[in-house]
Amino acid sequence: MIVKSHRETHDSFVLYMQSVNFIIVYMMKARLIFFSLFIFAGPACQDINIDPNAPSMVEPRLLLPRIQTETARILSADLNMAQHGFMGTMSFYDDFNMRNQSWNSVWEQLYTGPMADIQKMVELTQDNSPHYNAIALIYKAYLNTTLVDLWGDVPVNTASANNGSDANPRFFSSAEIYDDAFAQLDKAITKLEEHSPVIVEGDFIYGGNPAKWKKLANSLKLKLLMSTRLINPNIASDIKKLLQQELIEQQDEDFQFQFSNIDSGNEDHPWYRKVYVTGNQFPYISYQFMYEMLRDKDPRLPFYFRRQTGDYKAVISSLKSPTSNGGCSYFGRCYKYLAGNPEILEELFGENPTEAELTYLGGFFGRDRADPNGIPNDFQWRLMPGVYPAGGYYDTDVASVPAPGSAPGGGIFPMLTSVNVKFYLLEASILGYIELDEPELLEAVIRNHIGEVVSFGEKTDFHSLQPQSQKVDDYVDLWLQKFEDQVDPRKKLDVMAKQMWFCSWGNTYHAYNLFRRSGFPSSLQPPLQLPRQFALRLPYPQTELDLNTNASTYSEVVYDRDPIFWDTFRFQF
């Protein structure tokens, strides 16, 4: 049974109307000429790079902003929250209980939106604008392989979203799509090195800088190599060869989308809208996630989360059994409401916590992973996403329910950053593919991510406070000690994966992929209920299975049984 409150954003009609509203608002802002997004019937596309059913002529300087905005908007919403649920950081599909109907609307938005626009931009620019064309090819490789990582074999042309048409696009094999992505990235790099007679306009991410796009292309290749390391016998030599090229190294090179801070209906961060516009309709944040950040004195804590209450007595009195096991004796530790858990209180504050400590902790209200209890009307207590990455509030000493729309806005969606790249390099070194100073790299990862979180917070909410350098040093030292205490490379990888878990708030796609190829971090709280096994992929949308004759064989795919092509680990609880 699907719990309605865990599926609040999966009302397909609401999603459809949001999509339509965004398209209208965005095109008015950018002075675009409206054209149909529906794909007319035509023969199935057999070439992985050509789509005969693309829309009519639109200038690339107008296509690119829409590609960037729509890609970030779609990937940062339900798909992003589901992966957080899979990784045990929020209560969104954290019990893995999905249906084929769960992803109908998202699939349609992807294929009629950015997938269609990317293909059109590839075709429009292939003969006269090498830099625009390179950007389109990079987006194509990024989005196609992301779809593979989430679903497996997929169509890669824009006729593949069956929104009432009779198109029957071919599904390409996952390995074929990955191979093509490497080829497209190589092609993009070559084009970026050419002189372009056309200046790139409308690039919200890199401002048309070819050097930064080239670094992104190489960094995407590193990500694809590490994703497929379990099935690639030449992984070590491939990575060593790639490291002769420039990768993303600095924060200003991050592949990261900045949302608007203007409340226009759909241009702000999806988390911001769900929390600060609609009265905190956000899923529960996991108790383990917030507790361990509290325990370790993580400097990112007040940037990640915003408390709404300090009245722990009112919360405890409303809970039937705030410290009961609730079946946790079988699955492992229960955290329950932190301020009502004597064991947690003693761990955090000692035997006699002060009233101020209890009041502070009282705002950390969330849920254990896949808690099977019903969902009460407790939105006014739930811990909320803070200033990073949603553009909400920094967590000050005074907890209060913010007025709708009062937070700063302008959140970000990090897609592939210098932090991600360093994690991939650290993983490669731990596994012996390359030789790096691993403690130094881990320290750089942690300090870089803390720096990025703090920098964004300070620019977004003036209440944000720079953490004391000693506290940052203490946190870094704690994790370096955890890492250096391990001798077994797999245990080192486990420590790395846990820090990656903490660094992935806002986009846990890279951590989800790492978990599927390693089972790490191994210390995540097991689900309190398990109606389905761990999600090895997403279920194929029912509309595609029903309307595309080429999708018939994929109706037999079971998302918690059948892994995608690079996943030979096949995690099971």
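Modeller: Phe 569 is a place to begin, and it is found in the segment after helix H22 (542–547); please keep in mind that this is a predicted model.

Colleague: How do you know how helix H4 is oriented relative to helix H6?

Modeller: Helix H4 (residues 104–112) packs with helix H6 (residues 130–151) at an angle of about 165°, their axes being 12 Å apart. Angles over 145 degrees count as roughly antiparallel, and therefore H4 is roughly antiparallel to H6. The crossing in which H4 passes H6 is left-handed.

Colleague: What makes H4 largely enclosed by the rest of the structure?

Modeller: Eight of the nine residues of H4 are buried, so the helix is largely enclosed by the rest of the structure; among these buried residues are Trp 107, Leu 110 and Tyr 111.

Colleague: What makes the contact between Asp 186 and Lys 221 a salt bridge?

Modeller: A side-chain nitrogen of Lys or Arg has to be within 4 Å of a carboxyl oxygen of Asp or Glu, and the side chains of Asp 186 and Lys 221 meet at 2.6 Å, N to O, so the pair is a salt bridge. Asp 186 lies in helix H7 (residues 174–192) and Lys 221 in helix H8 (residues 210–227), which means that the pair ties together parts that are 35 residues apart in sequence. With a relative accessible area of 37%, Asp 186 is partly exposed, whereas Lys 221, at 13%, counts as buried.

Colleague: Why does the salt bridge of Asp 296 and Lys 482 tie together separate parts of the sequence?

Modeller: The side chains of Asp 296 and Lys 482 meet in a salt bridge at 3.6 Å, N to O. Asp 296 lies in the loop between helix H11 (287–295) and helix H12 (301–304), and Lys 482 lies in helix H19 (residues 469–484), so the pair ties together parts that are 186 residues apart in sequence. Salt bridges that share partners join Asp 296 and Lys 482 with Glu 292, Arg 295 and Lys 498 into one network.

Definitions and conventions:
Residues numbered from 1 in each chain as written. Predicted model: local features only at pLDDT ≥ 70, side-chain atom pairs only at ≥ 80, totals over all residues. Heavy atoms only, no water. Helix = DSSP H or I, 4+ residues; strand = E, 2+ residues; numbered from the N terminus. Axes fitted to C-alpha atoms, helices over the stretch in contact; angles between N-to-C directions. Parallel < 35°, antiparallel > 145°, perpendicular 65-115°, else oblique. Left-handed = near helix turned anticlockwise from the far one by under 90°. Buried < 20%, exposed > 50% of the residue type's maximum accessible area, 1.4 Å probe, protein only.
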